[in-house]
Amino acid sequence: MALNDYADRDLDAGERPERPIPSGRVRPWQALGVATALTGAGVALATLHGRARVAVPLAAVVWAYDLKLKNTPLGPVAMATARGLDVLMVGARPEAVAAVAVHTLGITLLSRGEVHGGRRPDAAAALAATAAATALTTLSALHRTTAPPTTTAPPNDTNPTGPRGGAALPTPGAPHFDTPPDEAGRRVTTALTHGLDLLTAAASHFGPTLTNHKTPRDGAAPRVGAVPRVGAVWRGGTALRSGAVLGGGGWRDARVVLAVGLAVRYAVLVGGAQVHVVRDPGAGRVRAAVGAGILGLVPLQAALVARRRPGPAAVLAAVHPLARALARKVSPT
């Protein structure tokens, strides 16, 4: 944000003179110094935790966006990339990375009309992005994966559990949050493929599967001719067999319902504001929709973690009304 204000200081002098730099409360060199110091500290801390391969590209994208790409056709793509890398920094699942990136792409595209009004095609594109993020989040909640087979150790390996035999794999249904640093680049490239796989599988298989097929017990072979629930899902390059949508206990089902409910709430809050912009792309409606989109990242995050971490999801959902109330007094950012 400090770098953003530094880069926009001349534009803000004419359009938003009350901002910190145009108003004289902050000098340009101070904002640039804060941006440089925080960037360096962030990259250093990430490097200490083995995340330099994500942190360095993330910092580069942020600086490139603010100083050069913001007002070009690549601006929304750069911002979406930055937000996706934010999520990837902590080893999130590919569908979470894709959902946040797609959401950000739509909101950034829409934000270009905050001052002078927007365009209906941009509003429609933002609405489509919200729908895609909702679909990714919902399908992630409905899909249960099982762990891939354990890597077979070489014949001459006397220690199957050691490094040569492959690392221990998570048990079926266990949360998957951490990603080794050397896999970061591969996870970025597979995130979009993963999301497209989910969307394609939903269109072709979800309906008939939910109504016509039963899911075998965990570990049982699928029926001949049965259609997978959501198709083959790729995590880190390994195809995981899809599992049941619901089942396996009331608590598990309740978490699925919570995740889907939060995804629907996100769609209503963000998509509803964007529908108004499609009808009337005036500057006021665009600003309201952008604000709803910025705050809408909170319920989106809650929906993404609800399946595996319902406690933090509930906290995020509770924070959203407070954030909306504070944004009316300050600003969505």
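The questions and answers below go through a predicted model of one chain.

User: How many helices and strands are in the chain?

Analyst: Read along the sequence, the chain follows the pattern α-α-α-α-α-α-α-α-β-β-α-α-α. The two β entries in that pattern are the strands, and the α entries are the helices. The chain therefore holds 11 helices and two strands.

User: What share of the residues in the chain is buried?

Analyst: A residue counts as buried when its relative accessible area is under 20%. The chain has 333 residues, and the buried part of them comes to 37%.

User: Which residues of α11 are buried?

Analyst: Helix α11 takes in residues 310-329 and reaches 30 Å from its first C-alpha to its last, close to the expected 28 Å. The buried residues in α11 are P310, A313, H320, A323 and A327.

User: Which residue forms a salt bridge with D8?

Analyst: Side chains of opposite charge can pair when their charged atoms come close. For D8, the closest N and O atoms of the pair are 2.8 Å apart, and the partner is K70. The pair links distant parts of the chain, with D8 in the loop between α1 and α2 and its partner, 62 residues apart, in the loop between α4 and α5. That partner is K70.

User: Are D8 and K70 buried or exposed?

Analyst: The cut-off for a buried residue is under 20% relative accessible area. D8 has 11% relative accessibility, and K70 has 13%. Both values fall under the cut-off, so D8 and K70 count as buried.

User: Which residues are linked with D8 in a network of salt bridges?

Analyst: A search of the whole structure finds nine salt bridges. One of them joins D8 to K70. The network that includes D8 also holds D66 and K70.

User: Is V77 buried or partly exposed?

Analyst: V77 is found in helix α5, residues 75-88. With L74 and L105, V77 forms a nonpolar patch on the surface, with about 250 Å² of accessible area together. The relative accessible area of V77 is 43%, which lies between the limits of 20% and 50%, so V77 is partly exposed.

User: Which ring does the charged end of R9 sit over?

Analyst: The structure holds zero aromatic pairs. The charged end of R9 does sit over a ring, 4.2 Å from its centre, and that ring belongs to Y6.

How values were computed:
Residues are numbered from 1 along each chain as its sequence is written. This is a predicted model: local features need pLDDT of at least 70, side-chain atom pairs count only at pLDDT 80 or more; totals for chains, interfaces and linings use all residues. Side-chain values use heavy atoms; hydrogens and water are left out. Patches are made of residues with over 30% relative accessible area and no salt bridge: like charges are joined within 9 Å, nonpolar side chains (Val, Leu, Ile, Met, Phe, Trp, Tyr) within 5 Å. Accessible areas come from the Shrake-Rupley method with a 1.4 Å probe; for residues, only the protein chains shown count as cover. A salt bridge is a side-chain nitrogen of Lys or Arg within 4 Å of a carboxyl oxygen of Asp or Glu. Helices (H or I, at least four residues) and strands (E, at least two) are DSSP runs, numbered from the N terminus. Buried means under 20% relative accessible area, exposed over 50%, partly exposed in between (1.4 Å probe, protein chains only). Rings of Phe, Tyr and Trp (its six-membered ring) pair if their centres lie within 6.5 Å; planes under 30 degrees apart count as stacked, over 60 as edge-to-face and the rest as tilted. A charge sits over a ring if NZ of Lys or CZ of Arg is within 6 Å of the ring centre and within 35 degrees of the ring normal. The expected span of a helix is 1.5 Å times one less than its number of residues.
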